[in-house]
Amino acid sequence: DRLTDPRAIEVLDSLLRHPPAPLRLLLVGRNCPAVRFAEAEGRGMVLRLGCSQIGLTDDEVLEFLRATGAALGPRDCAELNQMLCGWPAGLRMAVRGADRTAMAVQIDRYLAPLFQDRHADRQKFLMHGSVAPQLNEDLVHLLGQGDFGTAILADLHEQGLFVDRSDDGRDWYHVHPAVRTAFRWRLDEREPRRAAGLHLVTGRY
């Protein structure tokens, strides 16, 4: 995430073009750096590990929960992991929460330091957007946020803050389901009657 110096990127590009035999290079971050991997990938020298590779599987979630004494069966664990997307920290918070609401509160507290410096309008947009599993420019406009909302999603994606963008050219943004759950809880707490109206708006899209 912090690999932005053009000189450092140039050095890595050169290193990947002419790698020494024992080279082992590890890059870790929320986003892919602006390093040219194509040639090295074409030679089979690059191994990419994303969320789907490093996230917990349903079986691992079941094993963890059984070790904590949680009385959840395989189906319940699979449903829980569908929301967590293999997120280990989210799983630990799920163990602390007695139910879905308590878990949402735990996740909201965890996210607070990440989003507390955001403008109030950003917080409001994320609460309103929590009613939709994915968002694009048209849907953001229907929610009344216009270009401002799209810019928020793009900014969060660039910072790796729980927002992914589709790579099919359609520019759909996907907010992590557990994060959506936390912001939906916040919406219900602060604007109890708003969710129904927002669902009507997104349902017409």
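Reader: Where does leucine 47 lie?
Author: Leucine 47 sits in the loop that runs between helix H2 (38–42) and helix H3 (51–54), helices being DSSP runs of H or I with at least four residues, numbered from the N terminus. The model is a predicted one, in which local features need pLDDT of at least 70 and side-chain atom pairs count only at pLDDT 80 or more, while totals for chains, interfaces and linings use all residues. Residues are numbered from 1 along each chain as its sequence is written, and side-chain values use heavy atoms, with hydrogens and water left out.

Reader: Why is leucine 47 called exposed?
Author: With a 1.4 Å probe and protein chains only, buried means under 20% relative accessible area, exposed over 50%, and partly exposed in between. Leucine 47 has a relative accessible area of 71%, and is therefore exposed.

Reader: What makes the nonpolar surface patch of about 370 Å²?
Author: Leu47, Leu49 and Ile54 make this patch; its members need over 30% relative accessible area and no salt bridge, with nonpolar side chains (Val, Leu, Ile, Met, Phe, Trp, Tyr) joined within 5 Å and like charges within 9 Å.

Reader: How do you know that arginine 48 forms a salt bridge with glutamate 41?
Author: The term asks for a side-chain nitrogen of Lys or Arg within 4 Å of a carboxyl oxygen of Asp or Glu, and the closest N and O atoms of arginine 48 and glutamate 41 are 2.5 Å apart, so the pair qualifies. Arginine 48 counts as partly exposed because its relative accessibility is 46%, and glutamate 41 does so at 35%.

Reader: What makes aspartate 188 and arginine 184 about one helical turn apart?
Author: They are 4 residues apart in helix H11 (residues 177–190), which means a separation of about one helical turn.

Reader: How much space lies in the second largest pocket?
Author: About 320 Å³ lies there. Of its 15 lining residues, Leu72, Leu80, Asp99, Arg100 and Met103 are the closest to its centre. On a 1 Å grid over the protein atoms alone, a pocket is an open set of points where a 1.4 Å probe fits, with protein on both sides within 12 Å along at least five of seven lines, and lining residues have an atom within 4 Å of a point. The volume is the space filled by probe spheres set on the points, which are joined across faces, edges and corners.

Reader: Which helix gives the most to the lining of the second largest pocket?
Author: H5 does, with 4 residues.

Key. Helices (H or I, at least four residues) and strands (E, at least two) are DSSP runs, numbered from the N terminus. Accessible areas come from the Shrake-Rupley method with a 1.4 Å probe; for residues, only the protein chains shown count as cover.
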